[in-house]
Amino acid sequence: MDQPGQSSSQLPASSSKFHHPYFTTAEVEYLSEKQRGKLSATQEEKVRQQACGFLEAVGAKIGFPRRTIATAQNLYHRFHLFFPRKDFSYHDATLAALYVSTKMHDTLKKPREIVMVSYAIRFPELAAKSKTLGGEVDMDPMTVEHDRQRLLAVERLILETICFNFTSKMPFPYAIKLGRKLEASKKLIKFAWRLTIDCHRTLVPIMYPPNTVALGCLYTAALLSTLEMPPSHNPMDESARRIATLLQAKGAAQNPSANTSPRTPSSPSPHPSPRTQHYSSTGPPQPPQVPYKADQLIRLKIAMRQNEHQPRPLKPLGGSDPSALYSGEDIALLGKNEGTVRFLFGPSVVVGQGV
């Protein structure tokens, strides 16, 4: 018997999803805990570093510029704030993030090209046996096509997490411009640039705007350059000391939590990492060597805690769970169009105010 008609509650509902350019510390902690599943925070960090190292290796082997690699790392971090880690291999998520990043920065590569290069990183023993000029791994065509389809499937989810907002501002230009404005030495600016690269292995770039990240890297570079160093008349050392003193004074006056000691970044591993191996002799240049050691970071953290200010309380989450904007149903609806979804390029509090 025919039904008289569907009620309004049975019809596919229309909804709006707002782009969140940055997340508070409370939001990051809440969403990370929700998506990590049975993983501990340490295990999650290990997976995150493996994924970022894999992105570094694939991006460098293809020859992508730094902005493409860094944006891909940001997209990967953002993706796993809304989708569980257990549901996706980090290979699939990172390659999809890299593909979206190539679109954002107009450094396009076909999905198959990205997948084929990734095989050389994942299976170096097969790449060593390859007789092709580019070291392309001989893989089963069905496997390649399957991996390509998975990349495209995850790509859609990543696009939804950014609400199709392809705007991307990077901290690298700010590190140079702010360094020059503060009359920092070239060595210090280069150091800050290297720290900015490392920042994208963490969640910092999706928590703070690029100018703040760049200034924080300059401050950290100045502190690391002057840590436990005797007084010197070297202009480079004087530049670092002056900037460290200036930014510390400004931060203490304007932000009570500016001197709060940060979490210690992952220290450089003594073992070869995907970032520093499997490159051909004619490949792109490798990132500069890490200009600090793990014990330096620990001593810096101790020194900063001696002058630590009471941090500001964490801001409470909004009225609703942010992950509700990208519910797990999106995975089940992959490839389907049900209901109407509007993707807006800004948070709900600013949409309609020139956004």
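View 1. R85 is buried, at 8% relative accessible area (buried means under 20%, exposed over 50%, partly exposed in between; 1.4 Å probe, protein chains only). The model is predicted: local features need pLDDT of at least 70, side-chain atom pairs count only at pLDDT 80 or more, and totals for chains, interfaces and linings use all residues. Residues are numbered from 1 along each chain as its sequence is written, and side-chain values use heavy atoms, without hydrogens or water. R85 sits in the loop between α3 and α4 (helices are DSSP runs of H or I, at least four residues, numbered from the N terminus). Beyond neighbours within four places in sequence, R85 contacts Q35, L39, E44, V47, R48, Y76 and H80 (contact: heavy atoms within 4.5 Å).

**View 2. The largest nonpolar core.** This core holds 44 residues (a core is a set of buried Ala, Val, Leu, Ile, Met, Phe, Trp, Tyr and Cys residues joined through side-chain atoms within 4.5 Å). F79 and I158 have the most contacts inside it. Elements giving two or more residues are α1 (25-35), α2 (41-62), α3 (66-79), α4 (90-104), α5 (111-122) and α7 (141-161). α4 gives the most, eight residues.

**View 3. F79 and its partners.** Not counting residues up to four places away in sequence, F79 touches F88, A93, V154, L157, I158 and T161. A second, separate core has 23 residues, among them V213, C217, L218 and Y219.

View 4. F345 is partly exposed, at 47% relative accessible area. F345 lies in the segment after β2 (341-344) (strands are DSSP runs of E, at least two residues).
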